[in-house]
Each structure stands twice: as C-alpha cells, then as structure tokens.
Amino acid sequence: MTERLYYQDCYLRDFHARIVDTADEGRRVYLDRTAFYPTSGGQPFDAGTLGGVKVIDVIEEDERIAHVLAMPLSEAQVEGHVDWERRFDHMQQHTGQHLLSAVLHELFAIPTLSFHMGADASTIEVGAAALDNARIERIEERCAEIVSEARPVVVTFDEASEDLGLRKASERSGTLRVVSITGIDRSACGGTHVRSTAEIGPVLIRKLDKIRGNVRLEFVCGFRALKQARTDFRTLLEISRHLSTPLDQTPALVAAQMERLRLLEKSNQRLSMDVARREGRELWEATATSPDGIRRVAQPGSIDDAMRVRAQAFAAQGSAVFIAVSENPPAVLLAASADSGIHAGKLVQAAVNAVGGRGGGNQALAQGSVPSNADLNRVVTQLNPAI
C-alpha cells in the first residue's frame with residue numbers, strides 16, 4: 001500500500017520516500033509514500049520529478065501508485081518534487097467543479113453525472129435537457145458570491161455507514177474521504193483541493209453542448225479563467241479594430257456582414273450556374289455532329305456543381321453525350337440525352353465497380369469515383385466504345 005500524502009496535505013510539494021518496488025527496468029517506481037496524485041476521478045496526474053528524474057505519468061493500481069519515469073531510477077531513497085503550478089491549477093479546477101455542481105443542485109436541483117478535467121478546460125455532464133442564458137448567469141453569480149465569502153474547504157475522513165449528507169451518494173464502504181465546502185456541499189472525493197473558496201478564483205462557464213439528452217457544460221476556474229478572459233478580450237479588441245467599430249457594436253456588425261456574405265454567395269452561386277448552363281449550350285452548338293448523329297464532348301477538370309450543370313445543359317439540347325474526367329480526385333461524370341440510346345447510370349456503375357470504385361446515377365446523369373488515376377484510365381477506356 002502506498003501512503004497518499006496528498007490525502008492529508010494537498011499543499012505538500014516536496015517529500016522524501018523509499019522505493020519499495022520497480023518495474024520496466026526501473027522506469028516504473030513504487031514508493032512507500034507519495035505526494036503525487038494519480039489520474040483518477042476525472043482529474044489528471046501530477047507532474048514533477050523523483051530523484052531528479054521527470055515523472056511522465058502517475059497510475060493508480062489498486063492500493064499502490066505507480067510513478068512512470070522518463071528514465072530508470074535505482075536509488076533506495078528519493079526526494080520528490082511536485083510541479084506546483086500544475087497541482088494548484090488542478091486544485092482550482094477540482095474545487096471549482098465541486099462548487100459549480102453544488103450551485104447547480106442548490107439553485108435548480110440539477111445533478112452532476114460526470115466530470116472531466118482537460119488541459120485547457122473542464123467539463124461536467126449534468127442531468128438537464130437545456131440551460132438558458134439566464135440560468136447560466138445566475139449560476140456564475142452564485143459561484144462568485146461563495147468565492148467572495150472565502151468559505152472553508154475542509155477534508156474529513158468519515159465512515160460510509162454514517163449519515164454523511166453527501167450531495168451524491170457514494171457506493172464505497174468503509175472510511176470515506178469527504179471534501180466539504182462550508183454551508184453548501186459535501187462530496188466523497190479523493191482529489192486535491194484548495195483550503196478556501198477564495199482560492200478557486202473566478203468560475204466561468206464557456207460552452208454548452210447537448211449529449212445523450214443531457215447538457216455538457218465546459219468551464220474554467222482561477223488562473224485559467226483569468227487567462228481565458230484576457231485572451232477573449234484581446235481577440236474581441238482585434239476584431240473590433242479590423243472592423244473599425246466599437247467593441248459593443250461588433251457582434252451586430254459581424255452578424256450583418258455574415259448575412260451580406262450569405263446573400264452574395266447565394267447570388268454568386270446562381271450566376272455561376274447560369275454561366276455553366278450557357279457554356280453547355282454554346283459547347284453543344286460548337287460541337288460537330290458524329291456520323292451517327294450524336295454530338296460528343298470530353299472535358300477534363302474538377303467535377304463540381306458547375307461541371308454537372310454544364311454537362312446537363314449540353315445533353316439537354318438533344319442527341320448529345322458529355323463526359324468529364326477528374327484526376328484529383330479520380331472521378332468520372334457522364335451525361336446523356338434521352339434520344340442518345342445511352343443509359344449513363346448503368347454504364348458508369350459497371351465501369352467503376354469493375355475497378356473497385358463506387359458510383360451510379362440515372363439515365364441522364366451519372367458519376368463515379370475510383371481508387372487511382374490508373375483505375376480512372378481503365379474506366380475511360382471501357383466507357384469510350386459504349387458512348
């Protein structure tokens with residue numbers, strides 16, 4: 001069993017310990033005691049050094065904790081140093097999560113279903129179908145109130161058989177480590193936490209996503225919140241400067257510009273299709289009639305909406321066949337008039353399937369893609385006699 005020093009003192013940064021076991025040629029070390037927190041309960045592991053060697057992972061193995069090192073370590077006694085910046089960040093986020101979950105429960109009886117702490121932001125999944133802006137603002141304000149009150153955050157060890165008044169019942173038996181925020185929350189938790197809500201700092205809700213009928217809520221606390229707010233503000237200032245408009249008027253201007261862009265793109269698309277139709281008709285007029293009375297044309301290039309419209313316009317003039325060949329990605333398009341005697345869909349499907357490609361269509365228009373340009377050449381060779 002590894003004695004978990006962080007259970008009693010989350011602020012412990014330096015410690016001495018004895019190596020009791022090793023694995024992986026000394027790169028996996030087990031100590032009699034450790035201040036390093038292993039990945040558990042949604043919280044990532046602590047970083048730092050053991051005996052001057054970088055700790056790259058900390059893993060919980062039942063009652064033991066494995067310290068994975070960047071290089072072998074063979075000393076019997078070691079000195080450990082926990083990366084305090086990372087540890088305190090995790091403490092702020094984890095206690096901030098307890099506070100956020102407690103406030104959700106206090107204000108709206110919304111339970112927290114899961115928690116994950118990421119490198120940049122943390123998330124909780126909560127049992128609610130939706131959360132509107134008014135509720136989000138009230139939640140943030142209530143968190144700010146409790147942070148400003150500097151309420152004590154206390155760790156105790158209690159028997160699971162007792163009535164502990166936990167926000168969420170624990171399935172564990174025996175002695176539980178309980179983290180309490182005075183007056184609002186009691187939760188069974190093995191993580192690292194701050195001593196006072198004042199140390200949590202700001203609690204900012206960043207984003208909401210729907211997931212499995214619930215809401216996944218992204219948030220940041222403490223220094224993360226400060227850095228994120230600073231980054232957001234600088235980004236908005238930069239956007240405001242480029243648009244030459246006051247910051248508070250930027251959202252409305254951006255929305256108006258986006259609507260204008262949407263209308264311009266729609267107009268441009270319509271004009272592009274008009275041009276493609278005209279090109280198809282002009283191409284038909286400029287194409288000589290074959291002895292069998294069919295006008296045939298082959299065009300290289302990307303098979304996009306314009307190419308499809310051009311092909312259809314060409315074939316619509318009657319007695320016509322249009323084939324387009326694209327090398328990147330390798331694909332083929334075939335359009336045929338109703339009086340050409342050609343069924344585009346059947347021809348293309350048979351040709352591309354023969355080389356492991358996919359495609360199909362109807363009598364008038366068909367398209368297919370193939371794995372390579374060599375396969376494309378074989379498809380074109382197969383189609384040419386038939387068209």
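Modeller: Helices here are DSSP runs of H or I with at least four residues, strands are runs of E with at least two, and both are numbered from the N terminus. Please bear in mind that this is a predicted model.

Colleague: Is Asp 62 buried or exposed?

Modeller: Asp 62 sits in the loop between β6 (53-61) and β7 (64-69). Although Asp 62 is not a glycine, its phi is positive, at about 55°. The relative accessibility of Asp 62 is 71%, and the cut-off for this class is over 50%, so the residue counts as exposed.

Colleague: Where is the place of Ser 319?

Modeller: Ser 319 is a residue other than glycine with a positive phi, near 50°. With 24% relative accessibility, Ser 319 counts as partly exposed, because that class lies between the 20% and 50% limits. Its place is in the loop between α6 (305-316) and β17.

Colleague: By what distance are the C-alpha atoms of Ser 40 and Val 58 separated?

Modeller: Ser 40 lies in the loop that joins β4 (33-34) to β5 (48-50). Ser 40 has a relative accessible area of 24% and is therefore partly exposed. Along the chain Ser 40 and Val 58 are 18 residues apart, while the separation of their C-alpha atoms is 9.7 Å.

Colleague: Which element supplies the largest share of the largest nonpolar core?

Modeller: The core has 34 residues, and those touching the most other members are Leu 99, Leu 100, Leu 104, Ile 124, Val 126, Leu 131 and Leu 217. Elements that each supply at least two residues include α2 (84-108), β10 (122-126), α3 (133-148) and β15 (214-221). The largest share, seven residues, comes from α2.

Colleague: Which residues does Leu 131 touch, not counting those up to four places away in sequence?

Modeller: Leu 131 is among the residues that touch the most other members of the largest nonpolar core. With residues up to four places away in sequence set aside, its partners are Leu 104, Ile 110, Val 126, Ile 136, Leu 208, Val 215 and Leu 217.

Colleague: How many residues make up the second, separate core?

Modeller: In soluble globular proteins, nonpolar side chains tend to be buried together. Ala 17, Ala 35, Val 55 and Leu 69 are among the members of the second core, which numbers 20 residues.

Colleague: Is the crossing of α4 and α5 left-handed or right-handed?

Modeller: The axes of α4 (residues 222-243) and α5 (residues 250-286) come within 10 Å and cross at roughly 60°. That angle makes α4 oblique to α5. The contact involves Ile 239, Ser 240 and Leu 243 of α4 with Thr 250, Leu 253 and Val 254 of α5. The crossing of these helices is left-handed.

Colleague: How many residues of the contact of α7 with α8 are nonpolar?

Modeller: Helices α7 (residues 344-353) and α8 (residues 373-386) pack at about 150°, with axes 9 Å apart. Angles over 145 degrees count as roughly antiparallel, which therefore describes α7 relative to α8. Leu 347, Val 348, Ala 350, Ala 351 and Val 352 of α7 meet Val 379, Gln 382, Leu 383 and Ala 386 of α8. Of these contact residues none is charged, one is polar, and the number of nonpolar residues is eight.

Terms used
Residues are numbered from 1 along each chain as its sequence is written. This is a predicted model: local features need pLDDT of at least 70, side-chain atom pairs count only at pLDDT 80 or more; totals for chains, interfaces and linings use all residues. Side-chain values use heavy atoms; hydrogens and water are left out. Axes are lines fitted to C-alpha atoms, for helices over the stretch in contact, and angles run from 0 to 180 degrees between N-to-C directions. Angles under 35 degrees count as roughly parallel, over 145 as roughly antiparallel, 65 to 115 as roughly perpendicular and the rest as oblique. A crossing is left-handed if the near helix is turned anticlockwise from the far one by less than a right angle, and right-handed if clockwise. Contact means heavy atoms within 4.5 Å. A nonpolar core is a set of buried Ala, Val, Leu, Ile, Met, Phe, Trp, Tyr and Cys residues joined through side-chain atoms within 4.5 Å. Buried means under 20% relative accessible area, exposed over 50%, partly exposed in between (1.4 Å probe, protein chains only). Ala, Val, Leu, Ile, Met, Phe, Trp, Tyr, Cys and Pro count as nonpolar, Asp, Glu, Lys and Arg as charged, and the others, Gly among them, as polar.
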